[in-house]
Amino acid sequence: MVALLAAGGACGFTEAAPTVVTVDSQAQRQEFQGMGCGAIFYEAHITSLGVNGKSKEQEQLYDAMFTDVRTNFLQLMIRHDHEPQNDNDDPYKQEFREADFDYCKHPVAIAAAAKKRIPQMKLYAVLYSPPGWMKTNGSEAGGGEARGTLKEGLELELAEYIWAFLVHMHEQKQSIDYLSIANEPDWPHEQPSYFLTTERHVALFSQVAGYLKEMHKRFPDVPQAKLVAPNSLSAVDAGKVLVPALLKAANEQVDVIASHDYDRRGDRWKTLRALAGDRPLWQSECSYNAHDPSPGLIRSASEYWLYMTEAFNDGVNVWHAYDWVYPPRQGGEAMLHVDWGQAFHHTKIYHGFRQWCAPLEPGMRVVDSRVEGTAASGYSQPGVKASAFLKPDGSKLVVHVAAVQDAAVDVEIRVDKAFDNAVYRQWRTSEKEDIVVLPQGRAQQGVIRMSLPGRGLWTVELRR
């Protein structure tokens, strides 16, 4: 729903002392390189509308994902299915059965739909678990505290398994651009996964990277995917242990530094930014996966805005939401809910994510934004959060302000002289609003005011 509000430029601003967001467009930080989202675990839900004969609804779902939302990366899951038993004893000779790649018809269809709408979309594949016969616990499941891992001596077999997926996707005209060899290898999962100690992870990463480089030499028509690591659950541990170890042993093989954001302690992204140096830094997965009874999952949505502002303010180049689609549920894991083969429904997470992505363009720079006042709060705490992005030629400034709290709050954006009196457009998503278009105006004396509802996201685009 998009509506035009008739309210004045202050949008209900009261006489109370406001929370002030000060933006300095001259204080430029890292490059913004894009937004992403995954098709993980429930790929068949995404394609189920078309399978059920609802071709119109299927195209509408794809439009909701890839036409209406401005993203740059689609994350895909490498499942454990395509080698149910060892094809042979030579990892450099593939004898895989085409029938075992049947599960790939879903990510292939989704990737094709994405690229039809966004031709420049990049595909990022992640191995969740190798087949059970490769693992110490004999199962694709992680094994929890038992920590199922890769059997010794099967490192090249795992590399061959990944290569086979890359070849298959290329043959389906959906070549993979980025690759992670594991998903949260630092965590004792019950879901499909495999655990790796730091030492094992570093050694395996280097072996797989070397294998893939060799196979690309032998088969140059298959594009060489850039390697994303460590793709851990904890950005804190990544900064303390995993990334330093990887860069010490395999510095030239790591193309992108990445971690999920489920361990929200301290200056995790600042630490990783310093380690990454000139490499891109990705937040490669995040969601709010607690039970959420709020209308439309608005509480979950506001937590996303908290995660995004912190990540970009502290050095992240690319931010990936966890998943496009889940079955209907009261958790904040996904943007859209699909009733298998019947219909799909938008969440507030979707509307806020769409609003966030719409004015941003790869190549913009993150610039300083500071929050002060009664609703300012500490790191990863409720309160008002903000981040800002500048187009390289200085012609456009985007400011996102989020109320990650239940109470409404008066907010005042103050921009520097470069955007004094600039024309602005603005949008808002809240419990009762889905990307409403607010009145346009001018930043008189560099100030824009708003009464922001609790759990609301306010986006302002200034142009000069």
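Of the 464 residues of the protein chain, 61% count as buried, meaning under 20% relative accessible area with a 1.4 Å probe and protein chains only. This is a predicted model, in which local features need pLDDT of at least 70 and side-chain atom pairs count only at pLDDT 80 or more, while totals for chains, interfaces and linings use all residues. Residues are numbered from 1 along each chain as its sequence is written, and side-chain values use heavy atoms, without hydrogens and water.

Overall dimensions next. The C-alpha trace spans about 75 × 55 × 40 Å along its principal axes. The radius of gyration is 23 Å, which agrees with the value near 23 Å for a compact globule of 464 residues; the radius is taken over C-alpha atoms, and the rule is 2.2 Å times the number of residues to the power 0.38. The chain has nine helices and 22 strands, both being DSSP runs numbered from the N terminus (helices H or I, at least four residues; strands E, at least two).

Now the rings. How many aromatic pairs does a search of the whole structure find? The search gives 19, a pair being rings of Phe, Tyr or Trp (its six-membered ring) with centres within 6.5 Å; planes under 30 degrees apart count as stacked, over 60 as edge-to-face and the rest as tilted. One of them joins tryptophan 324 and phenylalanine 353, with centres 6.3 Å apart and planes at 85 degrees, so this pair is edge-to-face. Tryptophan 324 is in strand E11 and phenylalanine 353 in helix H9, 29 residues apart. Both tryptophan 324 and phenylalanine 353 are buried.

Tryptophan 356 and phenylalanine 389 also pair edge-to-face, at 6.2 Å centre to centre and 80 degrees between the planes. Here helix H9 is linked to strand E16, across 33 residues. Tryptophan 356 has a relative accessible area of 0%, and phenylalanine 389 has 0% as well.

Finally, the largest pocket. It holds about 370 Å³ of space. On a 1 Å grid over the protein atoms alone, a pocket is an open set of points where a 1.4 Å probe fits, with protein on both sides within 12 Å along at least five of seven lines; lining residues have an atom within 4 Å of a point. The lining has 17 residues, and those nearest the centre are Glu310, Asn313, Ser369, Tyr379 and Ala386. Helix H8, strand E15 and strand E16 each give two or more residues to this lining.

Notes:
Grid points are joined across faces, edges and corners, and a volume is the space filled by probe spheres set on the points. Buried means under 20% relative accessible area, exposed over 50%, partly exposed in between (1.4 Å probe, protein chains only).
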